[in-house]
Amino acid sequence: MSATLSASALLAVPLAPLAGSLLAGLFGTKFGGNRFGRRASHSMTILGVFIAFVISAMTLKSVVVDGARFNATIYEWMMVGGIKMEVGFLVDGLTAMMMCVVTFVSLMVHIYTIGYMEEDEGYNRFFAYISLFTFSMLMLVMSNNMLQLFFGWEAVGLVSYLLIGFWYNKPSAIFANLKAFLVNRVGDFGFILGIGLIAAYAGTLNYAEAFAKGGELAKLSFPGTDWMLITVICICLFIGAMGKSAQFPLHVWLPDSMEGPTPISALIHAATMVTAGIFMVARMSPLFELSDTALSFVLVIGAITALFMGFLGIIQNDIKRVVAYSTLSQLGYMTVALGASAYSVAVFHLMTHAFFKALLFLGAGSVIIGMHHNQDIRWMGGVRKYMPITWITSLLGSLALIGTPFFAGFYSKDSIIEAVHESHLWGAGFAYWAVLAGVFVTAFYSFRMYFLVFHGKERYDQNPDAHHHEPDAEPDHGHHDDHSTPHESPWVVWLPLVLLAIPSVVIGYMTIDPMLYGEFFKDAIFIDAGKHHAMNELAEAFHGPLAMALHGLTAPPFWLALAGVVLAWYMYLVNPALPEAIKRAFGPIYRLLENKYYMDWINEHLIARGTRALGTGLWKGGDQGIIDGAIVDGSWRTIGRAAGVIRWMQSGYIYHYAFAMLLGIFILMTYFVWFNR
């Protein structure tokens, strides 16, 4: 590719997955008469995503090596009050990296799905959905304006709704997708308010034009208040990120979304959709840098999510939910980095996390297949010798997740901890201790799951639900097997695990220098180094990835992670009676965690019921009482009564009219005489 990227080639990146989705969705389902079979449907969608990945990789090479950039309108829709509505692409280091992450993980998930969804009735429909999701996410990350950003934002939300409720005959899945949809609408309300404020005061939806007017926006106050307008804008935008990236208290939808098939957990809830909020805040860094108040808000919300969602992972027994709460915690880490103005570190962790968390989700799915759809880790154990490939790749993913030196997660997670430590924003002290404590918590619940699944005594034959599915278990996708012992998954399932394990180990070592301390994000991310110097402090202390890893072996995060692993080993392999004793001793705390801090109870019994009561009051009192009763019905009743009086007066008799005239003259004479005395 030349230094000027081709608009046609860039357009092919989102359109190739869209074409595959349309073909599989229209002709591979009942809607189109089932003209395409399973092989044709998965071949077309995989080909579309593969084309997108190849072009994305070529684009990344051109951006990094040749310094190529692209920022132009592809299609102008209309002009409204001087604001241009357009489809346009902005390709720089941030976009090119996101394009590669989205397409590579999506490609792995597409291949994995061939084995995982084998013989599922909705096979073709599932491929159409995940390919459509890939298109939506690419439109989001490639946009150069907020209208297209919002289109992609809502499109990924819609497709995630379809995927979470993919098994629409399962009540828990329908509840989960409705919950995800409604909670995201709360965040999206704030998001569209932020975009609206930018459009109103900056007069544009284009990124570059809006960022150029950031200085003017920073001088304005929000009408009727003493609040800075830029602070209100940034907090509104971040509320959108709180919904999409599952930050406290809008996190409640993500664990329930595990009701969808495992492949979408890897694609949507680990690598792409939930990282959209992180990407958006990084893209909006020129605005966020203008408000320390907004950055502190981001910092504290991220710290709460990172630590307290990690605690919930400790008591989970469903293998997918353990990984889900891990995702929540790691998203909190990324958000903390954003609040510390270490945007490049947040995006770096986004990238490394995408690989090892997709690996862990797909590894969990492989275990579910091998364990004949048992998802309860209490009834596993000793799986290592039956599923060697799944075991070794899951171990590599777990080591990356806990931040083991030389693994990908180490470079990004330790950089976050150090960036927060160097920050002087309000809330940075709490955030530092939260992310530091989160290292121990992450290691403990990660290796609790690892030891219970792959090591120790075999317990799969003791499962009380061995001969029938648990209520929350995934449906059987056609993996019929008469044997009760675990077995390794087919190659289409374990091959993506191997391919994801490679970057989970090496990608951090290879990319930390250019991404954090080089010019990889030079045109994409803006930091006011005079006010926020965390990245400068990190750069001064960085002496290469090898030196960083060696130093990491003596740093507190490593020893905290090691302590978490050792404690998990002791409690679940050496002394398995200890966890039950701790549970009995700390019953109230366990119940608090088991009930997820009662956030669901608050949402369902206070907020939802309060909203219903308010809605009923507005309906009964406002709509029926005031609008229908007083205004609509009251007006015609008043007119009817007035008309009745007038009809009575218009009798048609002359002597009635003569009497009325005389009476009127008498009243007028009395009035004038009385007031002219």
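Me: Is Phe308 buried, partly exposed or exposed?

Reply: Buried means under 20% relative accessible area, exposed means over 50%, and partly exposed lies in between (1.4 Å probe, protein chains only). Phe308 has a relative accessible area of 31%, so this residue is partly exposed. Tyr597, at 17%, counts as buried. The model is predicted: local features need pLDDT of at least 70 and side-chain atom pairs pLDDT 80 or more, while totals for chains, interfaces and linings use all residues. Residues are numbered from 1 along each chain as its sequence is written, and side-chain values use heavy atoms, without hydrogens and water.

Me: How many aromatic pairs are there?

Reply: Rings of Phe, Tyr and Trp (its six-membered ring) pair if their centres lie within 6.5 Å; planes under 30 degrees apart count as stacked, over 60 as edge-to-face and the rest as tilted. This rule gives 29 aromatic pairs. In one of them, the ring centres of Trp153 and Phe191 are 4.3 Å apart and the planes stand at 25°, so the pair is stacked. Trp153 belongs to helix α5 (residues 146-164) and Phe191 to helix α6 (residues 171-202), so their pair ties together parts 38 residues apart in sequence. Trp153 is buried, with a relative accessible area of 0%, and Phe191 is buried, also at 0%.

Me: Why is the pair of Phe308 and Tyr597 edge-to-face?

Reply: Their ring planes stand at 80° and the centres are 6.2 Å apart, so Phe308 and Tyr597 form an edge-to-face pair.

Definitions and conventions
Helices (H or I, at least four residues) and strands (E, at least two) are DSSP runs, numbered from the N terminus.
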